[in-house]
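Thanks for coming, everyone. I would like to walk you through one model this morning, and I will begin with a question once it is on the screen.

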Amino acid sequence: MLAGRCYRGTRISLEVAPLLQEPHPSSLLRISSNNSSQITCQRLLESRLISALDGCDCLPRLKHVHGHLIRAGLDQSSFLLAKLLRTLTNLDLPMDGYARQVFDQVRQPNSFLYTALIRGYALQGPTQLAFGLYTRMRLNETPPLTFTFSALFKASAGSLDARVGAQVHAQIVRLGGFDLDLYVNNTLIDMYIKCERFQDARKAFDAMPHRDVLSWTSLIVGYVRRGKMEEATELFDQMDEKDMVAWTTMITGNAQNRRPGDALQVFQQMWSMGIETDDVTLVGAISACAQLGSLRYGRWLRYIARQRGFDQNVVVGSALVDMFAKCGSLDEAREAFDMVKEKNVFTYSAMVVGLAMHGCALPAMQLFEEMVNSGTVPNGVTFIGVLTACSHAGYVDRGRQYFSTMREKYEIAPTADHYACMVDLLGRAGHVEEAFDLIQHMPADISLHGGVWGALLGACRLHGRPHIAEVAAKHLFALEPDGIGNYVLLANIYASAGMWGEVVRVRKMMREKGLKKNPGCSWVEAKDGRLHEFYASGKTHPRDSEIMTVLEGLLERLKQSGYVPILRCVLYDIGDREKQQLLKMHSEKLALAFSLIDTTHGSVIRIAKNLRTCEDCHLFFSLASKVSGREIVLRDNMRFHHFEDGLCSCGNFW
């Protein structure tokens, strides 16, 4: 309790309660009644009240301190009440009730008190009240502070109201001085970015007389989130001083925007300059490596992770599992998995999905059971993994059981991806009608994507259901109007059923729409670590002559083993010889020929492709694995194909 007020009595005692952090209630501060001692006493009291407010972790405790403040006659102290309002804001308490009452009882609030409440509204809402309070502040001729404007810009960003934010921007220019403040300008840029006014953000940035790392990084982050990587790279290259956040932003930004080569290049620059990396930086680089399928880079990143002690980190470890699986090395994925001491659902899911992606159905399901027995609760991604595994192995009953368990035991609502897995599972096993029925009875709130209808169309191709295929294709044409592969698949289904009139109709549709296949691109990692890209029908590699010689020789050997090109994979109205020439120049065949030159005999050949591999290339690779005696791992945009001794892990359905 407070025993007296030192600035009103002539000779009094002040007892500060334990709440105000005095060592004991009996400790008394006796002060003379002269002016100097009164000021000292008041400052000491205010200091202890501020300390008490700092220690408030709940509303009752804060109200108790507020009571002491009122009893001490400090109920009009804008300085102390501003601190009280900031504490209320930090406790995530609404501003409309208690906080606003505190403010309204002050007869002449100063700039700090106004700003404290404006900041509270900006962070807790309603944000529009922040602007109303600023208007009142200006009408009362109370001068704003730099923090006033930074709070108003945060309120504009929170409500995504760039119009009001622009008006506040005009205020800082009109009043003068504030437009030169670094902190105000940084929050201004952040406001424009969050409101997606990038041109205005860039103008504000260019007008800044002084910038710090935050100024640069904020704008770079904004560009990255919008996918404007050229603009982000331009700014990044202009930065004189780059911190770890800026480097990490560019690495993860490039990875997230499907520019994995650029991401790894930035990481290499960062590493060569000796800049410290953290787990977030590493995960970004590992993600980029997974997209490229570069095993050499992946091993280098694992080495760095081990050096830094991150390989046992659950986040980095999970990323390594995913990366090695996508690079085609399941053994190293399992090694990375085993290194993580405290595995979570993401670690298990990465390994389950990796095994399923490679066609290792039983190991994937066994790991799923191990995960459940360990007490780790699976998520939606885990079930995509086990359902995919069941699909590859033809375990229809197990798949149905997992699908039911997901909903009934774990209360995970199936998404369109889960339904796509089930349609694929049923369709592969020949239950095409059941798969079609499953789609028709899906919940109305699930928006079907191309993966669901694509799985059904693939099943129709495998088992010959032209009428169901027509329904699936109709939906695919609506969802993916430029997806030429859907037209090709439907035409092939009609051709297999002898419905030549329908084949002509589909091909006519393709010509009328002017559909062209996306250029096929395949890439391999040479033994020196460099990535080599190959494009369909393109002769742009320095070793083209050698590649064509090896490819021609391989073709002759395959023909002797019974290889006959599947000409229906070429949709152009040209002669058979021209079709054979086009098939020969598919990007993955060129990549394979190069790999036979570049790699040592007996080593695994790993190739990645941006599109789904065609039937002809699939047959070509199967036979090539037998005549060359090499294991070939091909990763297309659907899954991994492990070719060995003439067979493929996908069971010839992809």
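In which loop is the place of proline 126? Proline 126 sits in the loop between helix 5 (111-124) and helix 6 (128-139), where helices are DSSP runs of H or I with at least four residues, strands are E runs of at least two, and both are numbered from the N terminus. Before I go on, please keep in mind that this is a predicted model, in which local features need pLDDT of at least 70 and side-chain atom pairs count only at pLDDT 80 or more, while totals for chains, interfaces and linings use all residues. Residues are numbered from 1 along each chain as its sequence is written, and side-chain values use heavy atoms, with hydrogens and water left out.

For context, most residues other than glycine have a negative phi, and most peptide bonds are trans.

Six strands form an open sheet in the order 4-3-5-6-7-8, with mixed pairing, two strands being paired if DSSP finds at least two bridges between them. Its edge strands are strand 4 (531-535) and strand 8 (647-648), each of which pairs on one side only. Strand 3 (residues 521-525) pairs with strand 5 (residues 605-609) in the antiparallel sense over three bridges, and tryptophan 523 stands opposite alanine 608 in strand 5.

What, then, lines the second largest pocket? There are 28 lining residues, and Leu295, Glu525, Ala526, Val604 and Arg606 lie nearest the centre. A pocket here, on a 1 Å grid over the protein atoms alone, is an open set of points where a 1.4 Å probe fits, with protein on both sides within 12 Å along at least five of seven lines, and lining residues have an atom within 4 Å of a point. The elements giving two or more residues to this lining are helix 16 (295-308), strand 3, helix 31 (587-598), strand 5 and strand 6, and strand 5 gives the most, with four residues.
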